[in-house]
Structures are given as C-alpha cells and as structure tokens.
Amino acid sequence: MTKVGLFLCECGPNIAEAVDLDKVTEVIKGDKKVALIERHRLLCSEDGKKFLAESIKKNGFERIVIAACSPKQHENTFMEVMTRAGLNPYLFQMVNIREQCAWMTPDKELATQKAIRLIRAAINRINYHTPLKQKEIECSPDVLIIGAGITGIETALRTAQKNRNIYIVEKNELGGVLNRLQSLYPGMQSARELLQKKIKEIKSHPEIKVFQKSKIKEILGFFGNFIARIETEDKKEVKLNIGSIILTIGGETFVPAELPNFGYKKFENVFTADEFENSVINKENLPQTIAIVHCVGREKFGYCSKICCANSMKLARLIKEKSKNTKVFQFYKELCLPGKEYDQFYKETKEQGVEFIRYKNIEIGDHKIDYISEDEIKQSLSVDMIILSTGLVPGKDTQYFANLLNIPLDDYGFFKEEHIKLAPVSTITEGISIAGGCQGPQDLNDAVIQAGASAGRTLSSLIPGRRLQVEAKTCEIADSICVGCGVCVRVCTYGALTIDESKHISVVNEVLCRGCGNCAAACPSGAARHRHFTNQEIYQEERAMLK
Amino acid sequence: MQTEPTIIGFLCNWCSYAAADLAGNSKLEVPGNLTTIRVMCSSRVDPVFILNAYFQGADGVLVAGCHPGDCHYQTGNYYARRRLALLIKILQTFDIEPKRLRLSWISASEGQRFSEITQEFAKFIKEAGPNPLKKKPFFE
Amino acid sequence: MEQTFNPRIIGFLCNWCSYAGADLAGVSRLQMPPSIIPIRVMCSSRVDPLFILTALLRGSDAVLVAGCHPGDCHYQYGNYHTRRRIVLFNKIFETLGLETDRVRLAWVSASEGGRYRDVVTQFTEHIKEKGPNPLKKEIFL
Amino acid sequence: METKNKDILIIGAGLAGIEASLLCARAGRKVYLLEKEPYFGGSAIKSEEVFPLMECATCMLAPKQSDVLENKNIELLTLSELQEVQGEAGNFTARIKKQARYVSLENCIGCGACFEPCPVEIDNNFEEGLSKRKAIYIACAGALPNAPAIDMNYCLRKKGEDCQACKQSCMFDAILYDDKDREITVNVGAIIVATGFKLGDASQYTNYGYKKFKNVLSAFEFERLRASNGPTTGIIQTKDGSPPDSIALIHCVGRKEKGYCSQVCCLYLTKFAHYAFDKIPGVKVYQFYKELSIPGKENEHFYKEIQKKGINSIRAENIEIIEADSGLQINYQNGNNKNGSIAVDMVVLAPPIEPHPETRNIARILNIELDQFGFLKTQPFNPVESNRAGIYIAGCAREPNFMQEAVVQAQDAAGQALNITED
Amino acid sequence: MKGKIIEIKSDLNTAIKNIIKTLVQKKLFDAVFVPVRIPSRESFAYLLIKDKEILESITPLPPTMPVQGARALKDLTRLGKLNLRILCIMRPCEIRAAVELAKLRQITLQNLTFFSFDCPGVFPTAEYIKSPEKYDQNIIEKIKAWQEDGLRPNCSICVNFSHYNTPADLHIGFYRNHLLIYPVSKNSQKILDILSYRAEDDLTEWENSINTLLKKKKENRSRKFSLLSNQTKGIENLEEFFTGCINCHNCMRVCPICYCRQCFFESPEQSHHEAEEYLARAKEKGGIRFPPERMVFHLGRMNHMALSCVGCGSCEDGCPMDVPVGQIFSFIGNEVQKMFDYLPGKNLEEPIPLLTFKEDELHEYEDTREKK
Amino acid sequence: MKALKLSQSPDNAIGSLLKYLFEQNKISAAFVLCKNNSRDYFYGLITDKNLLEKITPTTPIMPSSAGKMLSKLTMLEPLTSPIAVVLRPCEMRAFYELIKLEQARPDNILFISFTCKGVISIKESKDGFEEKIEAYQKNPATELTLPGLRQCCQICENFVPENADIILPLIEKNDLNNTTFLIKTEKAEDFVQGFEAETVEEELNDTEISKIKEKRARKKAEVFANITPDKLGMKGLIDIFGRCLNCHACGRACPICYCNLCYFDSADSEVGPKAYEAETETKGAYRLPANTIFYHIGRMIHISLSCIGCGMCTDVCPVSIPVGTIFTRVAESAQEVFKYIPGRNIEEKIPILTFKINEFEEIGEE
C-alpha cells in the first residue's frame, strides 16, 4: 500500500478555531489509507514548507493530502515543495477547509464534520492519482502569414527575427486594399507611399519569404508543428514546416447591388466609396454637387463598420481638394467617430463647407435623393453624383480558410476570435491567429495593432531553440475501450480530438487539449479519461462524502 | 451519526468554485452539509456521477458552472445543461426526486449568490426530508 | 480435383529452434512441399490456441506448431505450456466432433533441418489425403 | 557588441498591463509589473459583466490574475511608482518607489481578521464611496493580491496614537508598523506604459447636478452598485435603499468640452440598461444621447437586443437636471429642437474617459510626448510606439478604447518589446 | 402518392425475393444483406449473400427478429465500407438504428442501399423458437390482418412501422394481396428503372390503410404509455417494475444502439469497489443486492442511449426474466426525444442532441432563481 | 462429526443462526440469497439483522452465481471483518476457482452450504414458481424430474459442498421441519459456540449420496449420449449454436469468465471490411453477427478447465441454447485429461497454468 501523508494546516486561528482539528485527527487516524497525520500552524509559510519537505523525506510519503486553504491560493506552492522533495506534484490533493469550510460554516461542530468529509474525499481519491508529467515537444518557430495586405505585411515585419523564418503568402498582388486608396485619414497621408515603403521592406527582409500569386492547398498539423502545402506563382509545390499561422486575408467592402433603394447600378452617377476613391476621382471633373450616403448595408449585415463616417469625411476633403466649389452633402444616421482624433476631424471637415444631413430613410433616384428626416419630414435634394459609403464585410476566402483550418466563423461570417474581449486575435485553435479585416470591420490603425498583437502572441509562445510546454492535465483515450464513435470529437471545442481512421479510435492531441473534461463526460464507455479528474477520482470523492 | 442532509456540489473551477471561495473570503454562511467536488468545467459532470450519488443516498446534488456564454472553455456549460436536462427529465418522468438535483449558474463574483443558493437549496432539501433511497435496502 | 489440391498450412515456428531448423532445411537445399506459410514467434508458448482456432475457422487447411524439444526451450519451460494448450485444444475439438488431426505440434530443433522437412512433408501428405478443410465453405460458422 | 537587457518593465497592472506581462513572461522574460494601488486589475475588475456578451468580468479576469501571481517570471510590485528612468532602448535603468504596505505579503494569509478591530472608518474609494472601509483594508472581496494594506493617511498611528488593533488581531506577524517606503532600481530593455484612465469628474459639468443631487450617479458608482461583490451585493437602489422605478442614462457628458468621443459610453450605458431590466422588474429606462457610436461587429446586435426590452431613447441637447418633488427632473431639448422634461428616480452619467492623472507624471519621467488631451502620443502607423525608442503604450493611456483593444495593444506592445530586446 | 403495385402470385417472401434476384442479376447490387433461416430451422440469421443459389433461400420477411439488423450490419461495416454494393432489406426500426449508428460512426452507409417494408411486427424470439411451425403458418394472413396478438409488446405500440420517418431508399408496402413499391430516395429511381417499373400507380388506398393502422397504433401507444407512466411513477413502482431483473445486462448486449466495446456500467471504474465500500453501503441501507447497481445500470443506460432508442424491443426479447424493459425504454425514449424534438434515425444529418446545443434553451431545467 | 439440530425449516434455521451471529457480533454481514418482493431474487449483503426475514437461501433459484458475486465483493481487498455466506456447492467451487485467478479472497468468510438438489431455471421462475418450489421441496432429491430443474443440475455429481465450514444435509431430505447443521471445521465451531441447538453427532448420508450420484451419472450419460463427437461435428455445432445472437450473455453470466473486457469483444478480435469481402467471396455468403461458434469454442479454450457446470449460461441465453450442457460435456472431458476438478481444492493449480515435464510425451514426437 502506498504511503499517504495527511497534513493539516491550522492557518493560525483561521482553521484551528473554526474546525476541531483534534477531532479531525482522531477520526481520520482510524483510516488505514493514511500512514501519518501531520499538523502545522501555517504550512504556506517558509517554516511550513520546510516542515512539509522534511516530513515527506523523513516519512517516505508517496502521496500527500494537504487540508488547508483553497487550491487557488496555494496548490502551486505545495506542488513546488513536492517537486523539490522528489515527489511527482500530481500525487497530491489539496483540501479546501478554509474558504469552503472554516470560513463559511459558523457552527464548529458542523465545520468539523464537513472538514472530515472533505479530507476523507481527498484520501479516497489520492490513491487513484497518477503521476503526470509536464510534457515538452519540439516545435518550429517559423510563421506562415496568409494574405499580404497591409495587415499581413505589417505582421511579417513585426514577427521577423533572427532564427525565425516568416513566409507570407498572397494569392494576388501585395498590398490589398491599400492599392485602391488615395490617402489615409485623419492625417491625409498618401496611401501609396506608405505601401511602397512597406513592400520594399518585406521584400528586402532576409528572414521574410514572400509568395505572390500563390495558393495555400493544404495545412495539416497543430500548434508548433504545422505543415503547409503551397502552390506558387509558377505552379510549383512548396512544403513549409511552421509553428504558427496568422490569417490576414482581410475583408471586403460591401457592394449594395441587392439594396434597391440605393440605386446602385441603376443610375449611372451612383458609385461606391471604394469605386470613387479608386478611379472616379482620378478620371473626371467632379460635378457641382456630390452627396455621400452613410451606413449603406448596415441594416442588412447588422453592425456598424466603424470606418465609414470618418472615411466619408476623408472623401469630402479629397473632393474639396480637387474641386473646391463642389458642394458636398453627407447623409448620415448616426455619426460614429470613436477615438480622440475624430471630433476634431469632423469639425474641420464641417468648416470646409461640407453639409451634414441626418436621415431616417433614404431613396436614391436619378440625380436626386429623397429622404425622411428624423422628425419624419419627407424631403428631396437634387445632386449630380452620389457616393455610397458601404460597410465592411468578410472576404470571399474566409469560408475556405475556415474549412481548411477547421476554425469557426462568427454570426457575421468573420473569423471567430477565441474570446471577444480577452483574446481577440486568437482563434480557438492554438497557433492560429487572425488579424485585420478578416477578424471584423476596422480601420487601418486597428489593423496595424492587430498585426502587432498577433506578432506579439507568436513571439511570446514559440521561441527559437525552445521546446513547447504542454499542459499535463489533459484528456487521454483508452485505446482498448474506444470504439471511435466520435462523441468526444464532436463536443470538443478545441479540435483536440480526432479520429484515427486507421485504428478507428479517437486520439487526443495534447498540444491542443485544454483539459476541461467535456469529452470524458460525453464518452458513454469511459474510454475518454480526464487526467487528474478521472471517473475513479471523482467517484472516490463522492463516496467519501456519502459515508 | 450524521443527521443533517448530505448535499454534494460539483463546482466548475473557474466560476462557481471561485464563487465559493469568495463566499468563504467574505465570511458568508454556506450550509455545513454541502461538500463540494471541484471539476474543471461543468461539462465534466457525468450524469452517472449524480445517479451514483442519488442511489447511495445523497440528499441533494448541486451542479454549478459559469453562466451560459461565460464558459472558460467556450461552450462546456451548454453541453452540461443538455446532459443534466436529460437526467432531470428522466428523474421527473419516473418521479424519483428530480428536485434533489439542481443546476445553477454562479459566476466568480457571485459569492453572495453562492451563499444564498446553497442555503436555499439546503433548506429545501431539509424540508424535502431525507433521500428515500438512503435507507432503502436492496434497491441497489 | 484431388490432384490439384495443395493444402495451405499455417506454421507457427519458434524463433530459436524450429525457425532455425526450417532455415537449415533451406540452406541444405532440402526439397519439401510449399504448403507451409510460416509465422515466426519467439516461443511456441506464444501460440494462443485462438490463433489456431481462427486459422481453422477461416479456412486454413491445417496448423503446424513447431517448437524446441521439451527441455530445450530458450525460455526454460515455454514449450511445456504449449503442449498442455495443444492437448486441451485437441481435447475440445475431439469432444465436439471436429477434426483434431489438422493441428499438429512438432518438436524441431535448430539442427533438425531434415526433421523439419519430414514433418512438413508428412503433414502435408496427411492433409492432402484428408482433403480441404470443410470449415472453409461453411456459411453458418 | 553591447548586450541588451531582456527584462521588461510594465507600468500599470490593469487589463493591458496584465496581458502584456503574461506574454513577455511566457517568452521567458523577467517582468516587473508596477501598480500604484495595493491591488491590481485596474478598472476592469470593477465591472460585474462585460458587454456585448454580458460575461462575468471576474470569471474572465481572475484566471489571468492568478496566472500573474503564479508566474515566476513576473514580479508584481504593488503600491509602487516610477521615479526616474535613465538610459535607452535595450538598456534602461528605472528607479521605483515602493510605498510601505505595512503588511507583509509573505506573512499575510488573507484571512481578514484585522479589519474589524481597526477603529478608523472612511469612504472606500474603490467602491466610489458607496461603502466604508477601515484604515487597514482590501479594495473589495476577491481583490488580489489577497492581502490588505494600511492606509497611513488615516491610520491613528499617523496621528501619533499607539493603536495596535490590527497588529494584535493578526496571528501571523503580518503587520509591520515600521515598514518603510523603499526604493528599488531595475534594469530593463523595454518599457510598456499601461496606466489606464480615470472617469472625468462629472461635477464640473454643472447642468447634470452631479454631487449636488444624491441620486445622480457617475458610471462607476452605478457599476459598483450592480457588482455582486460590491457594497450592495448587486442590488441596484437609490440612496434611501429602495429600487428606482425609473433610471435615466445620460450619454456624452463632457464630450463637447473635451473634444472627443470616449467610444465606450454608448455601449456601457446599454449594459447598464440591461442591468436595470435584469434586476428591477418593471423599471423604466431612458437614455439621452447625441450620436450613437456602437462600432464593431457584435455590438449593434447587443444594442438592439437591449433596446427591445424597452429603453426610451431620446436624442437630446442642453440637458439640465434639477431636483423635483418626486425625485429628479430632466429638462432637455430634443433632436427637433423641442423642449421636454421627464422625471426619474435615478440618473447615471457617462463622463469622459480621461487619461489617468499619473500619466502626465509618467510622461515626464519617461520623457515621452503627450497629446492635446493629455493622453500619451503614439506614432503614425505604429499606434503603440511612443516617440522614444523602447517605450510602448497600451490601453487607455493612449486613447479611450474597448477592452479588446487594450488587449491587442498590449499584445502588440509586448511583441515589440520582445523584439527590440532580442539580440 | 405514387408507386408501383404488383400482385402477389405466390407468397410475400417469394415476391420480394424475385425483386431482389432481378436486381442482383442485373448487377445493380453485388450482394444482399437479408435474413435467412438457419439450418436447424427454428430461427433466422442475417447473411451477406453474393452467391445466387444461396439467394434462393432468403426470408426477407421473417416472423421474428432474433438479432436487430443494425447490430449485424454494425459488425459488417464498423471498420469501413465494403467495396460491394449491398442491398439491405431491413425493418424500419432496423434501418433507423442503422442510421443512428452511422451518426456514431459504427456503421458505414456508403455502398449500402436500404429497402424497408411495412413491418407487421415480430414474434418474441423465445416463443418462436419453441414452435416455429406455428408462427410460420399463414404469415401473410397475419400481415394482412395486422394482428397484434402475441407480438413483441414494442411492436404493438410501434408508430414507425411503415415508410414514415424511415430513411430507406425504397419502401415495400403490402395491401390486399398486393405488393407496393414506393420510391423514397432519389436513389430508388435507378432501381425502378432496372425493374422496368414506373412509379405511376396510385397508392392512396394503401396509404389510407397505413394511416388507419397508424391511428390505432398511436392510440395503443398512448394508452400503453400512460399505463407505463403510472406503473413507473415513484421509487416503489419503479422498483416493482424492474422486479426479476437479475442485472445480467442482456438488454444492453442485444441493443442495437448500445455500441460500446465495454459498457461503462461493467467497467472497473464503475463496478469494482473495495469490500469496505460495499460493506459501508450495506450498513447504510441495512442490505444491498448482488449483483449491485441494478438501477444505476438501467437509469444510466437511459441517460446514455434513450435519445437514440428506436424502440425495437430487442432488449425485452433478450431479457431472460421478461422484464418489460423494451416498453420502458420506448416510453422514456419518447419522453426525452420530445425534449429535443428528435427522432432517432430519421435523418442522418440531424445531430444526436447531446452532441450539440443551442444557446437559448432548456431554461426550465436550470435553477429558476433570477440571475442576481 | 459434531452437528446442531433445530426443529425449524432450513431457511428459518439458517436465519436463526445468522441472527445469533449478528447478535454476538461474530459477523458484520451475511451474504445470502434473498427475496425482496414477488419474485425478486438476488444475493443480499445484509448488515441489518431485521432484514434476515427476507432470506431464502434454499429456494431453488440462482439469479446469478454467488461465487461471482462474492468475488465482486472481495476482488480488490480481503474482508477485514468476518461475514457469513450461504451458497450452493457449485457457487463455492466457482469462488475457489476465482481465488486461484486472483479475483477473490477467502479471508474472513464463514462458508455455509448444503447438499444441493439443484435449482429451477430462472426462465421457469416466471410462471407458477410457487407451485414448482413446493413440488421441489416435497420431492426427495433422488427424483430428478422436477419441473423446470436446470439440466446442468440434473446431471451434477458434485452436489456435496466439500469445502464448506457448515453443511446442511438437504438432498435426501423431505422433512421440512427439522434442520441439521454439520459443523465441519474448527472455524465453524468457534462461530456456532453458544448457539442454542441440540448437539448431536451426524454425518452425511453416504449411501444416499452415492445413490443420487449414481442416478445423476446415469442421467448424465443419457444427456451426453446426444452430445457425442459423432453427433456433433461442424453440422451438429451449427444446429446447436446456429441461432446464437453473439450477445455474449453466457460469458457475462458465467462465474468463471472474469475478464473486464472479453477478448471476443475487444478490438483484437475485430476484422475489417476486406476480410468480410474475402470470406463472402469464398463462401458465397457470410453470416452475421459473425464468429458465433468461434466465440463458443474460444470460450471453451479459455475456461472449460474451470467450468463448474452450474448452468448459469443456459439460463440467461435469450435464445435458449443449451450452452451449459455442451460446456459441461466439453469441460468434463478436458478436465478428465488433467485429472482436475475445478474448485475442489484451493491448492490445486489450474492445469493450463502449470505443467509436468513428463507428460503427454507422445505429442510432438511423431
């Protein structure tokens, strides 16, 4: 029988006064599963830790139960002591008799009984613990960036380091949407100049390899060890070993063909903002009156794209620059100008004589706009040209890559982030990040920051020359029992479980498993096991509590 | 020996266990007859754990996890809800004490709520009387 | 038909004696029927009776198990266990009215190339006489 | 070749600071995480829930906080302030003042036995003054690190009295009356500034009656009112303890004066409406707004869902709040320039997000630029880089932003800090 | 509703057999998966048949169902598809079980074509074995009359005995000495073409007869279910209901859905306890039964598979003690399937409820207390 | 031999003894056949002496093998406090076999058994069980044609519980009002010390026993006459096992089959589509579920040496295959080869786990 040591921490008066530890000792002493009961005034103190380590050595304990505070407080502390004392730290169970017993149970008798039950549960459980090892695997620090718009380029530049290869793959020309822009708001710098500079930078960077007009055919593997197959411009196949992937495939501007009230493609002088900035503004003499209509498509896709208000003002500026006398009207619903710079930008735009009209409903006709104002008055305005400020939507390739990489899309068709607030550039699959317009509508600033963020995540997690640490409390599959029904595969959020078709059983990818145990509860035959929370371990706790 | 009802609580590590800790930290009262088992996610709670507990005489079982949408593992609690709903439905159909099983969502900051829910549940269980299976010979 | 019947016999040969004996037969260019499909096992005791059962039910015409002579086992006593297992197997087959002479246990040492040839030739002849395993074509097995 | 120092200093342990330090630490770097307060977590830990998914804030943040506390590479320096920085990117030397906590973090086990005996009672500023605390205190239940500090500004000992109440109640020798402010010097290769924000003082916009009328609340006051670990354990109530029948949410308080949109207010006020509907059956909610700013893919859906529960939205200018017999009265001019007036029990204001007062000081010490609003200035096309190499800025120190933006900025800043300190 | 009506000249089995033979002769299928009488004649076994002569001996419509076809089909295709195009003639409940098993990756549906038929129900296997001749007599008459006496109890309350809810490719109906072919899937067009049939005959009469029967069975079923509901309400009743159960787990072993290699309730982690543990349990209750954990097994199995239960009644057939386990599973299956609006085996695309979720659902099972 | 006599029916006498043992704290539990309500029979592990009213140890039914159940109880660790167990001779032999296989521990068990008349098949317990029991109890056991008696019991010659501590002679008995306990071991004497009963000297009635043995042997010969090699063969096996569902219920119910995961349920025994294709090609057709006879012969290979002929397997077979009779037949001939009687002696090794150097020498030497 393994030698189990039970340590009771008095936590000064905190436990000692609320729980009758003498009685606990007396009751537990009869349990043959416990070799020895030790008691200390404050186990987490330096003195306590020393006491624990020495006791482990002196008594030759093989497993340890500590009844003290919440594991959230000191589980790690004691696990370290165990490691130093030469014991596997998972042969340890912590019993929370402070927060969840002493402090919440005013009646000492009840608290004592509860403590006994909790300690018994741990003692029952401890013999079923198995030593777990923090595994490490070889990994590649190299990065594949998919999409070479400004986000992709910036990501490449930020990720590139000595000893780390960056591959950037673009199916078209480099530069993406920036190729179509004149200038950038609010500073009104030239988009072209910026882009040229950045393209030059990546092309000349020794650690960055650019694949233009190339396609990603297949990606296999997982965090630290992906393999990508790429078809290059000259139809050759290249195989890349990389550790992580950053998706920067961008978004698209909405084309309002299916919204009849905007008259797009119906009347010749109606353009999208994109068309206007990319070509119309260069070609023609601008007419006398131009109306810019905001929020085109917003109702359809159900979100505010954030950039259109400021972008419309930028267009007004460009128009005014080119043709000072052109009268510009902005038809808007709500002005969305978040951030510290835009109220000023708006003010200046207005000062240049741009007129802002709030509409509730709008109908674009031939050279005219019929609209209903907020106070429900029907009005009409004759204009020579209409620019539709359309929102941002997911790119056409988004679905392709979602399938290829098995990552989910959100309700709007963008890549779904791992956590909307806390992990906005990660996906649920570790090692695959997203940045820029494919994550959601955003402006250039946001995209650049996301590029930097995805770079930062990669730099911090895969380091040249270092192995990847893998969580110890993952799930495992008992091969001999598994029948490959795929129940576990389907409930796993992280894609950590797959079917090994050759053996017709499930396999766990321990790099991807985060150890929630969902699969273990889903598996009807108990083939999926949750390490450190196995059925046996939980049953043993349960049984002790029922005695 | 122990006359108080036995209540077992399965608490998810990230929300409800933290809430229980917080309740303790705030010295809020929680029934002494509630003993808790920590699991990483409410989705780890196999309904068979609960059946076992019932048949061996647990007077009440509480399963608590993060609020829907808050799961530390994205969607675990939705699966937990389906599994427990299924179990409750079966217990309801056979009218074998379905009320002794409770599924609650308690977030990490809801120490107060943890205290209230557990007290209310303990009171309910006390009023409901002991689990009839506890002393029933040969049922299992 | 009889003429063309070439029995298929699965031969489990222990690594240390019988497999070596079979090799020796080859090296010595001894002629024998090509009926044996040899499967190398480390010891004749590795031969699970279920292997034999599977082979017979799936239509092998016969099964030969060959190992070191009693007392010579590379693993001390493995072949004694084999012997008991074969005895048991045969007894069960016999009681059930199934053919027991399609299974043969033979002791062949590493030096007995000739004996290996004799065992194989004789066993093959025996099976040839018996004809194909009737179980091969049985649907309701 | 000059060797670069790989350690990283992060100023401000709010959401951005935490995220940045976890990333740097994961890369194996030593991180000094500076926090002025005795607890860490910044403004984010004041929220009960987070829009648009109404997730529990503590559940989101507490695991991150424990990661920080458990990470061997991160040294969290609470009650600490930056004094001086010398050197350049790759090789900074920073002098840090560690204010005395008067409580030993090593010895204290967080039992809280010391609070009750303390005879001093003052407003708890973490709770926006909605509850009291002692001179020895922790900010709120669950605050981390789980150890109190003595606020010497109020401690009787400061006045020369030999009060030993807390020391006598402590069984662990954790109270250190003779604790001294100390100075430490750290050498780092890069610095990330994440000093966060403070809410503007609404009382300077006198038409809203803030601080004048008792049921006019600022955003954080309302947030703490709803917090499960807050002063009312999450019960929304007026000062007399009854639930309000009607609540008015006022957008854009001080926007015109400040000259920028604080971005987050439209949405957090929507969240407040959700709180109100959730907690007070039958409550009437009004919102007074000028322009609606709800950028981002998930937010409009959230906004509309809450609107459906019956928010009365009024586009209004020239708002004036006065006290009436039945409570508060809001006089306003609507979008069509008509005057209106509505009586409510409670008003919640959304004052501007302003740079944290410390920011100016930090900028001076680090010798980095501020913009016209007092936020830290960043570079075009590198929105987290300051004008000084090796110093990066993340979170609301640079501009008002959403939590997710603070996180990505922190990740960006961490990446650049890692990169620049790479040999 | 249109299909092809054929007059039955000899007997039903032969009529179906002739169709099958034609399809095999014309090389639309390489093999047929169909029941055949075993040599000792008192039962049937599924055969996968390639040989045309053996095909002569088939009994597509045996009066009993010793092995649920899906279970047999699982053996065959669990590890992957066969390269044979196989025609499977199975009862509706067998096909539904097969589809359910396909969702659980225990059956590979590729290369399989399913014919279902109007199932008159089956006789309990144990009864049939005792006197096969008795049950073989006038089987067609029995089918015609849709008699229910002596059938498996589950068969008499089955409401999915015809083409409804059964994802077969082709359905064979019986009506007044006629055999009707009703094409269900797109696949079936090719089959009709090969047989030179056109689906032009009006099937309304047959459909009406099926609907009449369905109505009757539905009534039977709800009557039975309300009876069962009373019989199983409360612990005492439930215990009484399972009286006689010796915990042999035969019900699980013959269940087509229970696909685990090792039943969780037989696994060491669930069923190996220390002597102390048993004694403690016995002390608590005064006494415990051996084999232990009878109720955990039944209720636990319900948790595991009631959502997929097709109500075939095999479990009851396999029970040596005649515990009405098939009926209670059918009953609870119906209850829990309603929760998720799920009918097992109806549609391959529909995920099994526990493997998916909706964000907004099942609030009645959560703590009713408002979130604070 | 020392014996204790009570003027009570056997069940009541056992009840009185157990009650005494409980009251004296000599046992912490009793493990004995119980009847809960109507026809719910099972082995009860009883700790509350009031529940002794539920015991019915001599009722001729075996819902599961007590040997296997007792192995469940003692598999992981030996009992630390004494319990009394009432079980049939074959169950006790099964328990002994399981001890040899490390599946059970005999410590702290007082074995009470009786000469066994056999049990009624559980399937026969469904209708008119009460009458059957009555007929059974009235009938002197010399009569073998009791309604519903298991065939395995009819041919069982090992009905004397050799290793029990206390034996109740029941087999030749039709006097239901008097019961004798033969106190066979010292351990038993310790336990019964102080138990109020008339002390007598009594032995098992050897003449009677050998008479019954003879009768049963004759019956066995009769039954086995139809299970001879010439009547079996492949065709015969197919006739007997042809309707097998491959449910493996026989294995689960068998007291000897002790594996957690039966080899025949394991992945190792599964074959893939290629094999099915090939077999279908060779034979023209392929039977499903597959491998039924393979399973039965395989199981014979695995456990026939330990088969104690209890007939549990026949009882649970859903298609009424006489598995137990065939098994007993095969087991007997296999056991005969090694002169082994399973469960007779705890020291005796299971033949397949041992060997002699000088045996079967003709084998392998042709």
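Which cysteine forms a disulfide with C:Cys17, and how far apart are their sulfur atoms?

Modeller: This is a predicted model, in which local features need pLDDT of at least 70, side-chain atom pairs count only at pLDDT 80 or more, and totals for chains, interfaces and linings use all residues. Residues are numbered from 1 along each chain as its sequence is written, chains are lettered from A and ligands numbered from 1 in the order in which they are written, and side-chain values use heavy atoms, without hydrogens or water.

The partner is C:Cys68, and the two sulfur atoms lie 2.4 Å apart. A disulfide here is a pair of cysteine sulfur atoms within 2.5 Å. The torsion about the S-S bond of C:Cys17 and C:Cys68 is about 100°, so this disulfide is right-handed. The bond links distant parts of the chain, with its two cysteines 51 residues apart. C:Cys17 sits in the loop between β1 (9-14) and α1 (18-27) of chain C. C:Cys68 sits in the loop between β3 (62-67) and α3 (78-95) of chain C. Helices (H or I, at least four residues) and strands (E, at least two) are DSSP runs, numbered from the N terminus. Both C:Cys17 and C:Cys68 are buried. Buried means under 20% relative accessible area, exposed over 50%, and partly exposed in between (1.4 Å probe, protein chains only).

Now C:Cys43. Its closest cysteine sulfur is in C:Cys73, at 3.9 Å, which is too far for a bond. C:Cys43 is buried as well, at 8% relative accessible area. In chain A, the sulfur of A:Cys309 is 5.7 Å from that of A:Cys336, its closest cysteine sulfur, and this too is too far for a bond. A:Cys309 has a relative accessible area of 6%, so it counts as buried.

Over all chains the count is two disulfides. The S-S torsion of D:Cys56 and D:Cys59 is about 85°, so the disulfide is right-handed. D:Cys56 and D:Cys59 are both buried.

Next, the chain around that second bond. Chain D has nine helices and 23 strands. Of its 423 residues, 64% count as buried. The C-alpha atoms of chain D fill a box of roughly 70 × 55 × 35 Å along the principal axes. Contacts (heavy atoms within 4.5 Å) in chain D with a separation of 6 or more come 66% from residues 24 or more positions apart.

One loop residue of chain D is D:Ser203, which lies between β14 (197-199) and β15 (216-218). At 26% relative accessibility, D:Ser203 counts as partly exposed. D:Ser203 touches D:Tyr210 and D:Lys211, leaving out residues up to four places away in sequence.

Last, the chain pairs. Among the 11 pairs of chains that touch, chains A and D have the most contacts. Chain C, with the disulfide you asked about, has no contact with chain A; their closest C-alpha atoms lie 19 Å apart. Chain C does not touch chain B either, and their nearest C-alpha atoms are 36 Å apart.
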